[in-house]
Amino acid sequence: MEDHQKQDQPTGHPRRWAILGVLVISLLVVVLDNTVLNVALRTIADPKHGLGADQGQLEWAINSYTLVFAGLLFTAGILADRFGRRITLIAGLAVFGLASLISAYAQTPGQLIGARALMGLGAAAVMPATLSIIANVFEPHERGRAIGIWAGAVGLAVAIGPVIGGLLLENFWWGSVFLINVPVVIAGIVLLIVLVPESRDPRPGRIDVVGVLLSILGLSLLTYGVITGGEDGFGRPQAWGSLLGAVIVLTAFVLYERRIAFPSLDVRLFKNRQFSASTGMVGLVFFASMGAMFFSAFYLQLVRGYGPLASGALFVPFAVGQLVFAPRSAAMVKRYGPKAVSTVGLLLVAVGLVAWVWIGATTPIWVVGAAFFLMGTGMANVMPPATEAIMAALPREKAGVGSAVSNTVRQVGGALGVAVLGAILSSVYRDDVAAATQALPDAAREAAQESISGAYGVAAQQGGAAGEALMSGANDAFITAMHYSALGTTAFALLGALVAVIWLPGKRPASAPAPTVAEALAEEQLIEA
């Protein structure tokens, strides 16, 4: 009987698994770029072999991308639903490839920051389109598994990105880490044209111009305020003024969306506790993990002295955890329920993060690999069910909006993580390194107190015993700062676990077989409608 029911279920698009493969390639190029950049940060900071970027410029090389990406994600999802998801994806890839080419040949940190912002524009069109196409070519009973594979592809990109980046940096100039995107983009565009069908909302209604503009302004102000606060302190008017403006604009967005007939986002969705909890978990887990990724790259390359390839290889356990467990997460949710799976996943992330509190300059390197593996395994059991819940809360024709919500929360959470934890890292480092820099001239002392990269540059100029003493003091200060940042990341992962325990549903009795997270939310939407 059960086999007969499975045979009667609709199967979706006949080429759906090949289409998923093409979407994974499109996703890989975006995620690959960010993981490669983490490995290349030290080289870009080098005045001789890179661009001589300081700590603030390095952060803006990351954050200019995030600012544009997060600000336009929601709008890109709306436009994809209206004008076509495939054409939006192709256009996004084309812009991303062109911006990668410009980044590869940037001559100054400012040019790189501008090119990275253009890459963010392309990526904003790519990310929502990949997930919304999945929602349209797969039926609900297969969609959880497809989203698990999609999430596992992120793990694959995290694995191969640092390794490819390390190989490129050890054999070519730093710009090659961006140039590698171009052939992948070309292959992706060709496969999209050949294999992927066009899809769009058949009844788009009137375009919500005011809502779109409010979302762009509000999300841009929010992201800018977070980034500026992380760099210069949240007490500065530029930071708190931007955040206050974001609260006002986004409040106006919510109030406006509630009263119009054709809203860009039906804000009543947030009354659904599973939708809201899933959205919150995505933001919290990316806040924690992206902050940890930021400080771990400097720890591996500077404190431990690993080259780009070796430090890149140490990120592989994180990716392996995601690649192995993400495709299995849908089956785990069906067996144990979303509450248990997500809570355990977030606790594993927390254990992986708190391990950094005991990691020092001479800790066996397998401990670092084990911490990364726990983080990756935990995220593999959080992201797919949370993403599935968000996507399933909206009908297929609004899949671009659902994908945009998921990706916007993820990017804002990641930006907050880098900004807030970066601020903690910088503040503690400056206080602790002061004693080791007292005897330096003013300009050298300022550079050494700015960042550990700056301290290494000053130490190289000094040489001898004085240079070694400065590097030792900088390493000690950085490790102390890293421990404080690790405690911060752990607190946010535990907060995510608390959200899962309180608001996510548990497993239903065996006598009443539980629907998937997607089916439960879809039923609730129909009842409310």
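## Helix α11 against α20

Helix axes here are lines fitted to C-alpha atoms over the stretch in contact, and the angles between N-to-C directions run from 0 to 180 degrees. With that in hand, let's look at this predicted model, starting with helix α11, which covers residues 273-303. Its partner here is helix α20, residues 452-462, and the two pack at an angle of about 15 degrees with axes 11 Å apart. Angles under 35 degrees count as roughly parallel, so α11 is roughly parallel to α20.

The crossing of α11 past α20 is left-handed. On the α11 side, the residues in touch are F298, L302 and V303; on the α20 side they are I452, S453 and Y456. Sorted by class, that contact comes out as five nonpolar residues, one polar and no charged.

## Helix α11 against α15

Helix α11 also packs with helix α15, which spans residues 338-354. The axes of α11 and α15 come within 11 Å and cross at roughly 15 degrees, which means α11 is roughly parallel to α15. Here too, α11 goes past its partner α15 in a left-handed crossing.

So who is touching whom? From α11 come Q274, M281, V285, A288 and A292, while α15 brings P338, S342, L346, V349 and L353.

## Helix α20 against α21

Back to α20, which also pairs with helix α21, residues 464-503. Their axes come within 7 Å and cross at roughly 170 degrees. The cut-off for roughly antiparallel is an angle over 145 degrees, so α20 and α21 are roughly antiparallel to each other.

On the α20 side of this contact sit I452, A455, Y456, V458, A459 and Q462. They meet G464, A466, G467, L470, M471, A474, N475 and F478 of α21. By class, the contact of α20 with α21 has 10 nonpolar residues, four polar and no charged. I452 and Y456 are also among the α20 residues that meet α11.

## The largest cavity

The structure holds five cavities of 30 Å³ or more, and the largest cavity has about 660 Å³ of space in it. Its lining takes in 34 residues, with V31, N34, F286, M290 and Q411 lying nearest the centre.

Several elements give two or more residues to that lining: α2 (16-45), α3 (55-83), α6 (140-171), α11, α13 (316-325), α16 (365-380), α17 (383-392) and α18 (399-433). The largest share, six residues, comes from α6. Helix α11, then, lines the largest cavity and also packs with α20 and α15.

Notes: Residues numbered from 1 in each chain as written. Predicted model: local features only at pLDDT ≥ 70, side-chain atom pairs only at ≥ 80, totals over all residues. Heavy atoms only, no water. Helix = DSSP H or I, 4+ residues; strand = E, 2+ residues; numbered from the N terminus. Parallel < 35°, antiparallel > 145°, perpendicular 65-115°, else oblique. Left-handed = near helix turned anticlockwise from the far one by under 90°. Contact = heavy atoms within 4.5 Å. Nonpolar A, V, L, I, M, F, W, Y, C, P; charged D, E, K, R; others polar. 1 Å grid on protein atoms, 1.4 Å probe; cavity = no way out; pocket = protein on both sides within 12 Å on 5 of 7 lines; lining within 4 Å. Points joined across faces, edges and corners; volume = space filled by probe spheres on them.
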